[in-house]
Amino acid sequence: MATSLLPLSSSFLQPLKFKTLAKPINPNLSTTRKTLTTCDSQKNNTGASSNPSSRNPNFQKRRKSSKYGTSRRSILKKSFLQEQVTFTARVSDDPQVAIIGGGMAGLVCALNLEARGVKSTVFDTGIHGLGGRLGTRVVEPQGMVFDHAAQFFTADDSRFVQYVDGWLEKGLVRQWKGVVGELEVGGSFSQFPSSSPPRYIAVNGMRSLADSLLLESRLANVVRPCWISKLEPLNGMWHLSENGTPRGQFDVIVIAHNGKCANRLLSASGLPLVAKQMKKLDLSSIWALLAAFDDPLPTVNFEGAFVKGVESLSWMGNNSAKLGNSGPPHCWTFFSTAAYGKQNKVPQENIPTVTSEKVRAGMLQGVELALGLPEGSLPKPVYTRLQLWGAALPKNTPAVPCVFDPQGRAGICGDWLLGSNLESAAISGEALGNHIADFLQNSEANPEEFAIGLHDRPSPLAGHDIGQFPGLTSVGEKQEAKAYELL
């Protein structure tokens with residue numbers, strides 16, 4: 001579905017102003033200050049027992065009944081009642097930026113910081129590589145390759161086109177010229193017309209693009225796998241740690257991921273304004289089923305298809321054909337609809353066996369329905385792997401390029417700030433990288449002038465269940481437009 005991105009003109013990037021926090025009486029006595037916010041319950045319980053169970057006998061029972069551990073409501077309360085960090089010390093002469101998240105937004109942010117002479121460290125949880133939604137799974141020894149998140153991307157904005165042109169020149173990406181279109185339930189396939197915008201893929205799976213972006217970097221360091229679990233302001237710097245293990249101290253931090261992990265990280269960080277913006281994000285849940293078959297799927301004459309009219313299926317893509325592998329095995333990625341993901345959502349870290357069996361069967365049955373095959377006639381896969389993307393894609397957006405809190409020296413970048421695609425992620429990372437570089441060079445004058453995106457309200461975001469593809473219009477929409485022109 002086509003989407004329009006707001007141009008980042010000088011007027012658009014004018015920082016939003018917010019109420020300036022009171023400065024310390026003597027700023028030389030402290031480099032970091034917190035403004036304490038309390039609630040009535042805190043004031044009234046000063047004499048009560050510190051044991052929650054003594055105040056509420058059902059306390060332990062409620063905690064054990066939660067399927068997800070920490071509830072979203074408790075995270076929200078912590079986020080909104082936490083103290084605001086205000087740094088008063090000068091930024092160091094050789095500033096360091098920590099970027100938590102190695103997806104497209106975080107990596108492009110690091111690239112733009114380097115272009116401005118600023119050092120950064122990217123922390124990512126990936127065991128096998130970087131990428132976030134640029135995820136690729138390789139199964140050995142068979143050599144099966146699956147793109148199990150982003151399937152392809154388009155480039156509509158001139159700023160993103162420049163990145164893509166550079167990647168094409170370096171051989172990191174290429175056009176995907178295979179047959180792609182829309183598949184109606186029952187097997188009716190309509191190919192996107194030749195006038196559709198070019199579709200791009202990474203040459204060796206999407207993850208290979210992410211792993212290559214910082215290879216030539218001199219000022220950006222990558223640490224993985226690393227799960228930053230705590231942010232602590234101390235002596236004018238942000239101190240990062242992973243389950244008690246120190247991971248360095250930094251002048252500025254960037255949150256380049258989202259979901260429950262980001263919410264928990266921000267819930268006690270001292271950044272209530274940043275945390276509040278992150279909490280406004282609404283994310284879908286989508287199941288991904290990776291399946292390999294010894295024989296080609298019957299009746300298939302395409303490499304990728306947006307599926308319409310099937311509850312359990314929104315996309316099916318032939319990874320083997322897309323990446324130039326003739327097979328066998330023939331490796332396919334199937335995505336559920338967001339509605340199906342919501343109906344069958346469970347903790348993605350611990351999927352019950354009964355749920356995985358139900359979803360796997362339901363999605364394979366959806367493939368039969370989409371292709372118009374008799375029930376039970378789909379070849380049995382020789383390999384399957386099921387994954388739940390619990391925080392798959394944004395359903396709303398504030399339509400700002402980035403978020404930055406100059407008092408706490410912290411920012412957010414990600415596709416959800418502008419849309420739901422790799423193009424939006426790259427533009428957001430670029431915007432925040434340049435914004436931080438400007439802040440570091442000019443923060444002495446008036447840091448409050450660099451506040452951006454801290455109070456913007458999100459609005460619903462339209463798009464396909466697996467994201468937006470700028471410039472790519474639905475086959476049905478094109479046919480309707482052509483019929484209207486004939487009238």
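**View 1. Strands β16 and β19 run antiparallel and are joined by six bridges.** Strand β16 covers residues 286-293, and strand β19 covers residues 330-335. F293 has H330 in β19 as its bridge partner. Strands here are DSSP runs (E, at least two residues), and helices are DSSP runs too (H or I, at least four residues), both numbered from the N terminus. Two strands pair if DSSP finds at least two bridges between them. The model is predicted: local features need pLDDT of at least 70, side-chain atom pairs count only at pLDDT 80 or more, and totals for chains, interfaces and linings use all residues. Residue numbers start from 1 along each chain as its sequence is written, and side-chain values use heavy atoms, leaving out hydrogens and water.

**View 2. Seven strands form an open sheet with mixed pairing.** The order is β9-β8-β17-β18-β19-β16-β20. Strands of a sheet pair through backbone hydrogen bonds, either parallel or antiparallel.

**View 3. Helix α12 lies across β8, β16, β17, β18, β19 and β20.** The helix spans residues 353-371 and runs at about 70° to β16. Axes are lines fitted to C-alpha atoms, for helices over the stretch in contact (heavy atoms within 4.5 Å). Angles run from 0 to 180 degrees between N-to-C directions.

**View 4. K308 and E184 meet in a salt bridge.** A salt bridge is a side-chain nitrogen of Lys or Arg within 4 Å of a carboxyl oxygen of Asp or Glu. Here the N to O distance is 3.8 Å. K308 lies in β17 (residues 304-308) and E184 in β8 (residues 180-184), so the pair ties together parts 124 residues apart in sequence. Salt bridges with shared partners join E182, E184 and K308 into one network. A search of the whole structure finds 11 salt bridges.

**View 5. K119 forms a salt bridge with D94.** Their closest N and O atoms are 3.0 Å apart. K119 sits in strand β4 (residues 119-123), and D94 in the loop between β2 (84-87) and β3 (96-100), so the pair ties together parts 25 residues apart in sequence. K119 is partly exposed at 30% relative accessible area, and D94 is partly exposed at 41%. Partly exposed lies between buried (under 20%) and exposed (over 50%), with a 1.4 Å probe and protein chains only.

**View 6. R159 forms a salt bridge with D157.** The closest N and O atoms are 2.6 Å apart. R159 is buried, at 17% relative accessibility. D157 is buried, at 11%.
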